[in-house]
Amino acid sequence: FVKQFTDKVERAFLSRLVEGVTETKLRLDYVIDQNSKTKIKSVTGDRLSAPDGLLPDSFMDSVPDSAACNECVKLAKKHGFAGLSGFVNGVLRTITREKTKLAYPDQKREPERYLSVMTSTPLWLVQKLILEYGTESAETIFQAAFAEEDEYPAEQTSIEENGETMDFYKNRLKEAGITVEPGAYYEGAWLLSGYDYTQDSGNKQGYFTVQDESSMCAVAAAGIRPEDFVMDICAAPGGKTTAAAELAQQGHVLSMEHCRGKLELIEENVERLKLANVDIRCQDATEYMQEQEEKQMLLSQICLVPDLASWEENDIKYRVTEEQIESLVELQHTILQNACRYVKAGGTLLYSTCTITKEENTLQVERFLKEHPEYTLKEQRQFLQASMPVTDFIMRYCIS
């Protein structure tokens with residue numbers, strides 16, 4: 001829908017509105033509850049309209065209060081809730097009048113509830129990460145995920161250079177007015193900003209791969225040599241597969257993914273980068289493959305959970321439950337039990353997650369090492385870049 005609008009400012013506004021309402025859902029609900037006799041849990045249709053207007057009213061200065069109210073009343077009527085249009089109008093106008101006096105939970109008396117409301121994060125998740133990381137670190141995590149765009153530097157996209165094409169590519173980007181800066185963690189990483197997605201960036205030509213720096217560091221930690229065989233057992237969308245293939249020049253990469261729909265993503269990346277040393281297979285990582293036992297170095301990309309770090313899906317924090325985490329920890333354990341049997345003597349098992357719960361990281365690795373004394377922990381890193389969203393909180397384990 002947003003891509004139908006060619007004006008960059010218009011696209012940015014629509015994206016911010018849609019994503020913002022989702023990101024701030026709990027905070028918006030709290031504000032509505034404080035200014036309405038009818039609580040949000042008992043409301044149906046206006047839940048669609050009121051938050052849409054409350055976001056620009058309270059968080060987007062570029063939208064006049066009256067315009068936000070009027071448009072949301074029209075939206076309620078358009079979607080068959082004319083009977084509730086008065087409620088929507090009344091709530092929004094009340095909040096507009098009182099927005100400089102909005103009261104939130106007291107930070108000193110109710111620190112957990114305050115953090116839950118202000119960062120729009122379920123209370124159980126706030127309590128969990130405070131318990132695991134301490135109050136100060138937990139606040140940093142949630143505030144980084146919730147931050148308004150102007151609170152941090154301009155959004156940057158990290159890319160990994162593709163061989164000798166990078167010098168040509170950097171000059172081309174600079175000529176197009178795009179800012180190119182070196183990465184913070186990985187020598188082969190570059191950070192791009194000030195670009196328009198409609199620009200011909202060179203991605204299709206294979207000049208680079210879009211990849212988090214932490215993912216680049218993970219592949220580097222595996223110590224892949226030109227002659228190695230590598231297995232990426234949960235491979236979609238294929239960024240680690242292609243990075244491993246470029247390192248294993250005369251070697252081979254077996255890239256596996258159990259979801260057929262995601263296999264196309266891996267295929268696209270392999271074809272775009274013209275990599276001839278990759279085989280792609282539809283394979284469930286929980287099913288053991290006897291023929292691969294002790295044959296490979298294993299690049300094990302375990303990203304199976306609706307992870308608490310991956311908030312590009314802005315509603316994922318509302319959908320994940322403690323029970324889901326527990327069941328997925330067991331799924332990860334099963335996959336690790338298979339994965340370790342593929343690794344040849346002297347090889348490396350890399351366990352990589354995009355989440356920050358201890359059950360899926362430190363505790364998972366401790367459990368594995370107790371069950372497999374033949375493995376030793378070689379390296380462990382956790383990435384936290386304050387100027388980026390929580391997707392950069394990533395645990396990497398290199399077990400050999």
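A residue counts here as buried when its relative accessible area is under 20%, as exposed when that area is over 50%, and as partly exposed in between, using a 1.4 Å probe and protein chains only. The structure is a predicted model, in which local features need pLDDT of at least 70 and side-chain atom pairs count only at pLDDT 80 or more, while totals for chains, interfaces and linings use all residues. Residues are numbered from 1 along each chain as its sequence is written, and side-chain values use heavy atoms, with hydrogens and water left out.

**Salt bridges**

With a salt bridge taken as a side-chain nitrogen of Lys or Arg within 4 Å of a carboxyl oxygen of Asp or Glu, the count comes to eight. Three of these pairs are set out below.

| Pair | Closest N to O |
|---|---|
| Lys128 and Glu359 | 2.5 Å |
| Arg113 and Glu110 | 3.7 Å |

Lys128 is buried at a relative accessible area of 12%, whereas Glu359 is partly exposed at 25%. Salt bridges also join Lys128, Glu132 and Glu359 into a network. In another pair, Arg113 is partly exposed at 36% relative accessibility, as is Glu110 with a relative accessible area of 33%.

**Nonpolar cores**

A nonpolar core is a set of buried Ala, Val, Leu, Ile, Met, Phe, Trp, Tyr and Cys residues joined through side-chain atoms within 4.5 Å. The largest one has 18 residues, and those with the most contacts inside it are Met231, Ile233, Met256, Leu349, Phe368 and Tyr375. Two or more residues come from each of β6 (252-257), α14 (322-342), β9 (349-352) and α15 (362-371), with α14 giving the most, five residues. A second, separate core of 17 residues includes Val219, Val253, Leu275 and Val278.

**Helix α12**

Helix α12 (residues 260-272) has 13 residues and reaches 19 Å from its first C-alpha to its last, close to the 18 Å expected at 1.5 Å a residue, where the expected span is 1.5 Å times one less than the number of residues. Its buried residues are Leu263, Ile266, Asn269, Val270 and Arg272, and these pack against β4 (208-210), α11 (239-247), β6 and β7 (278-282), contact meaning heavy atoms within 4.5 Å. Just after α12, Lys274 takes a positive phi of about 55°.

Note on methods
Helices (H or I, at least four residues) and strands (E, at least two) are DSSP runs, numbered from the N terminus.
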